[in-house]
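Welcome! Let us take a friendly walk through a protein model, one topic at a time. Have the sequence and the 3D view ready.

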Amino acid sequence: MTMFEDSYFINIAPMPAAGMGMCRFVGRLDGETVQQVDAHIGFSHRGIEKCMESVTPLQGLVYVEKLNRSAPFSCTHAFVLAVEKLLGVSVPERASHIRVILAETGRILSHLRATANLAAETGTNSVYPLTNKMAERIYALLDEICGADPFCTFIRPGGVKKDLAPRTEEILSAWLSKELLPVMREIEDLLTENRIFKSRTVDIGKIDAPLAEALGFSGVNLRACGAKWDLRTAEPYEVYGNLSFEAPIRTEGDCYSRYLLRIFEIYQSMQIIREALEKMPQGEVILPDFEIKETETLTLLSRHFELYEKGISLPAGEVYAAVESPLGEFGVFLISDGSARPYRCHFRSAGFPVMQALDALTAQCDLADVRVIAASLNLITTEIDR
Amino acid sequence: MEVTPERWQDQMHRQGFAITALQTFIAWAQGCAVSALPVSTGCCCCFSQLRQAGAEPVFNPHHADVLVVGGFLSNKAAFAVRRIYDQMPCPKYVIALGSCAASGGLFANSYAVADVKDILPVDVFIPGCPPDAKAVSEGMKALRRAIRTKAREK
Amino acid sequence: MPAFVYKTQEEYGQFIRLHFARQDIPEQTIVSGILTLKVLRAALPRVMQFLRDDPVCRFTQLTDMTCVHYPDQQDCFCLIYHLLSPMLGRRLRIKLTTQEDVPVSSVTAIFANADWYEREIREMFGVSFEGHPDLRRLLTYEETAFFPLRRTYPVQGSKRLIYDEATGQCVYVPRLSEENRPSGVKLEPEKP
């Protein structure tokens with residue numbers, strides 16, 4: 001890197017945007033204008049891909065869900081889909097619906113956090129208490145319906161850990177209409193027509209669809225520039241094909257449109273949860289071969305121990321499975337050599353290409369806007385660094 | 001009977017005097033309200049309970065009494081965190097918050113993760129993944145005890 | 001809309017192979033629903049350029065790129081590129097093999113986001129890329145070369161980081177043996 005006469009370097013570290021995790025940006029500035037941003041990542045690198053090679057898929061779930069604290073269900077969901085694709089099994093209908101409900105709850109949580117971070121970066125700190133309170137409520141709710149907080153390996157190969165609690169439908173619909181909806185209204189009142197918020201986000205961090213596609217964008221960040229690409233409708237997995245919804249798009253491609261899309265998607269997720277609850281059939285929630293439970297008959301008990309100790313043995317092969325996580329396409333590339341442990345497990349994190357495109361997005365913008373742009377892209381370093 | 005400072009202090013206390021060393025007083029004052037510098041390396045949201053437990057997060061090492069390492073410490077971050085610790089004014093204390101920071105947790109076997117104990121002199125370990133509010137407040141109490149004992153040792 | 005509609009993935013693969021010499025793309029398979037093409041190392045930039053620009057292909061996005069280490073084989077590294085065509089809703093997997101000393105030509109000129117992927121592979125596996133603008137380490141911080149994602153590298157790593165009181169710096173020391181580690185759960189990768 002050459003040092004120009006009238007440009008200088010500035011360190012934006014170690015926590016550039018709130019809620020993002022540890023990361024360091026080295027910006028080259030000319031006055032107040034950003035010329036280049038060099039993102040240094042890896043402060044949250046834990047070597048999860050290597051760790052996955054030494055554990056069985058069931059143990060590996062614990063690692064996978066630590067990738068993204070805002071939406072742990074999406075990460076486990078992709079991994080479990082990859083394992084199931086390799087095994088060639090399809091899960092019971094009810095389990096599939098439960099997974100959709102959990103994934104959408106995770107999407108609501110993640111989008112709320114992203115909105116609060118963006119608001120905080122533009123100076124509206126009053127959104128934090130609202131979303132933090134709602135996040136606590138969501139954790140409590142998950143505790144109520146599936147028995148633990150998000151880090152609970154609830155989604156498992158072959159289905160889900162156990163059935164939802166009785167009265168889940170009432171609890172969830174009451175939460176959606178009586179608690180989440182007023183909070184959403186309040187957030188919208190605070191931000192959507194807020195002049196300061198709009199002046200900080202409209203026309204900031206603009207990107208057009210062909211460039212975003214070429215840079216590897218996905219999810220909200222891609223749909224905000226007008227590309228209609230949503231894995232839930234383009235390559236339907238689980239029961240998304242049976243649910244009636246359409247991925248919303250915006251055409252501006254700036255920070256404000258990303259915010260608007262997130263808000264819209266929260267409302268949409270609420271509808272998807274309602275519809276999935278309505279259509280959810282009765283029945284099994286996990287395939288019998290994958291269920292870990294203590295029983296009285298000896299054969300079943302031995303099966304239980306075998307599953308518990310050795311795990312599911314994967315057939316040799318390779319597979320790529322992706323889900324539409326709140327951050328974008330989260331993919332798992334799994335190679336098995338026929339033993340109980342994966343030969344190689346690679347995660348396609350949604351934020352990785354977005355983080356490296358930050359340089360292109362912040363070109364010629366003001367120094368103060370770097371944090372706003374980073375917050376609007378919803379980058380989570382634990383997911384990027386793996 | 002030998003007269004030790006503690007015994008003397010105890011006697012005076014019984015007679016209605018409150019006598020204390022200046023160091024102990026400072027330690028007590030620090031123990032009541034500490035400024036914590038959170039280093040959010042981890043994946044869990046361990047910091048939401050910190051404020052309730054009587055620690056005010058500050059984001060400048062020069063204003064901090066306590067460094068809170070929340071979550072695992074990767075090798076790359078360890079260099080930065082040690083530098084932050086060196087910038088803090090004495091007396092300074094370290095809390096390892098969460099299983100990953102306390103014992104390595106899930107990532108104890110990973111090539112990329114350093115042991116917090118090897119990098120920083122940790123005073124209090126708070127286990128839990130993520131630790132609940134009670135564990136955090138217990139940890140803060142333990143920190144106050146640690147501050148008092150450390151001050152007395154000086 | 002494309003001029004030709006190919007019904008099956010095989011036909012589609014055959015169409016792509018028509019544009020190149022037989023040895024450039026020696027093999028095509030369908031693995032878990034995704035068409036997989038094995039590409040010769042020398043032909044990679046040409047194939048990638050064609051796949052991106054051809055109106056029937058339009059693989060405009062490099063979704064993912066990774067590497068696998070097979071220590072027993074002669075060409076021990078297998079690079080895997082996942083391409084996506086959002087317009088046509090198709091995915092494609094490109095595979096090529098290489099050795100430690102043989103550089104692969106970089107695709108950063110064709111797909112801009114290959115930059116960090118290639119940096120990561122260089123760092124984790126030691127595969128070198130020709131024509132890459134900047135091959136610094138991305139995720140780890142270390143002076144000496146080590147390639148953690150190779151199968152031959154131990155999970156725990158060969159070194160550990162400690163703070164040296166004497167010099168006032170963090171330094172790497174060789175890892176203690178398994179018995180001496182205070183809280184070590186032995187987790188060796190399973191021998192196939």
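This is a predicted model: local features need pLDDT of at least 70, side-chain atom pairs count only at pLDDT 80 or more; totals for chains, interfaces and linings use all residues.

Which residues does Ile119(B) touch, not counting residues up to four places away in sequence?

Within chain B, Ile119(B) touches Leu73(B), Ala78(B), Val81(B), Arg82(B) and Ala114(B). From chain C, Leu161(C), Tyr163(C) and Cys170(C) are also touched by Ile119(B), again leaving out residues up to four places away in sequence.

The largest nonpolar core of the model has 197 residues. Those with the most contacts inside this core are Ile119(B), Leu73(B), Val69(B), Ala78(A) and Ala82(A). The largest share of the core comes from helix H4 of chain A (residues 93–121), which gives 13 residues.

## Two helices side by side

Now look at how H4(A) packs with helix H5 of chain A, which covers residues 127–146. The two helices meet at an angle of about 160 degrees, and their axes are 9 Å apart. Angles over 145 degrees count as roughly antiparallel, so H4(A) is roughly antiparallel to H5(A). The crossing of H4(A) past H5(A) is left-handed.

Which residues make the contact between H4(A) and H5(A)? On the H4(A) side you can find Thr105(A), Leu109(A), Leu112(A), Arg113(A), Thr115(A), Ala116(A), Ala119(A) and Ala120(A). On the H5(A) side they are Val127(A), Tyr128(A), Thr131(A), Met134(A), Ala135(A) and Ile138(A). Sorted by class, this contact has 10 nonpolar, 3 polar and 1 charged residues.

## A mostly covered helix

Next, find helix H15 of chain A, residues 367–376. How many of its 10 residues are buried? The number is 8, which leaves the helix mostly covered. The buried residues of H15(A) are Asp369(A), Val370(A), Arg371(A), Val372(A), Ile373(A), Ala374(A), Ala375(A) and Ser376(A). Just past the end of H15(A), Asn378(A) has a positive phi of about 55 degrees.

## Where chain A meets chain C

In the model, 36 residues of chain A are in contact with 30 residues of chain C. On the chain A side, the elements that give two or more residues are helices H1 (48–52), H8 (209–214) and H13 (351–356), together with strands S6 (317–325), S7 (328–336) and S8 (344–348). This side of chain A is made up of 14 nonpolar, 10 polar and 12 charged residues.

## Chain B as a whole

Chain B has 6 helices and 7 strands. Followed along the sequence, they give the pattern α-α-β-β-β-β-α-β-α-β-α-β-α. Of its 154 residues, 44% count as buried. Among contacts in chain B with a separation of 6 or more, 74% join residues 24 or more positions apart.

Most residues other than glycine have a negative phi. With that in mind, look at Arg167(A), which is not a glycine and has a positive phi near 70 degrees. Arg167(A) sits in the loop between strand S5 (159–160) and helix H6 (168–191) of chain A. Is Arg167(A) buried or exposed? Arg167(A) is exposed, because it has 11 other C-beta atoms within 10 Å, and 12 or fewer count as exposed.

Ser32(C) is not a glycine either, and its phi is positive at about 45 degrees. Look for Ser32(C) in the loop between strands S1 (27–31) and S2 (34–38) of chain C. With 16 other C-beta atoms within 10 Å, Ser32(C) is partly exposed.

Conventions: Residues are numbered from 1 along each chain as its sequence is written. Chains are lettered from A and ligands numbered from 1 in the order in which they are written. A nonpolar core is a set of buried Ala, Val, Leu, Ile, Met, Phe, Trp, Tyr and Cys residues joined through C-beta atoms within 7 Å. A residue is buried if 20 or more other C-beta atoms lie within 10 Å of its own, exposed if 12 or fewer, and partly exposed in between; C-beta atoms are placed from the backbone. Helices (H or I, at least four residues) and strands (E, at least two) are DSSP runs, numbered from the N terminus. Two residues are in contact if their C-beta atoms, placed from the backbone, lie within 7 Å. Ala, Val, Leu, Ile, Met, Phe, Trp, Tyr, Cys and Pro count as nonpolar, Asp, Glu, Lys and Arg as charged, and the others, Gly among them, as polar. Axes are lines fitted to C-alpha atoms, for helices over the stretch in contact, and angles run from 0 to 180 degrees between N-to-C directions. Angles under 35 degrees count as roughly parallel, over 145 as roughly antiparallel, 65 to 115 as roughly perpendicular and the rest as oblique. A crossing is left-handed if the near helix is turned anticlockwise from the far one by less than a right angle, and right-handed if clockwise.
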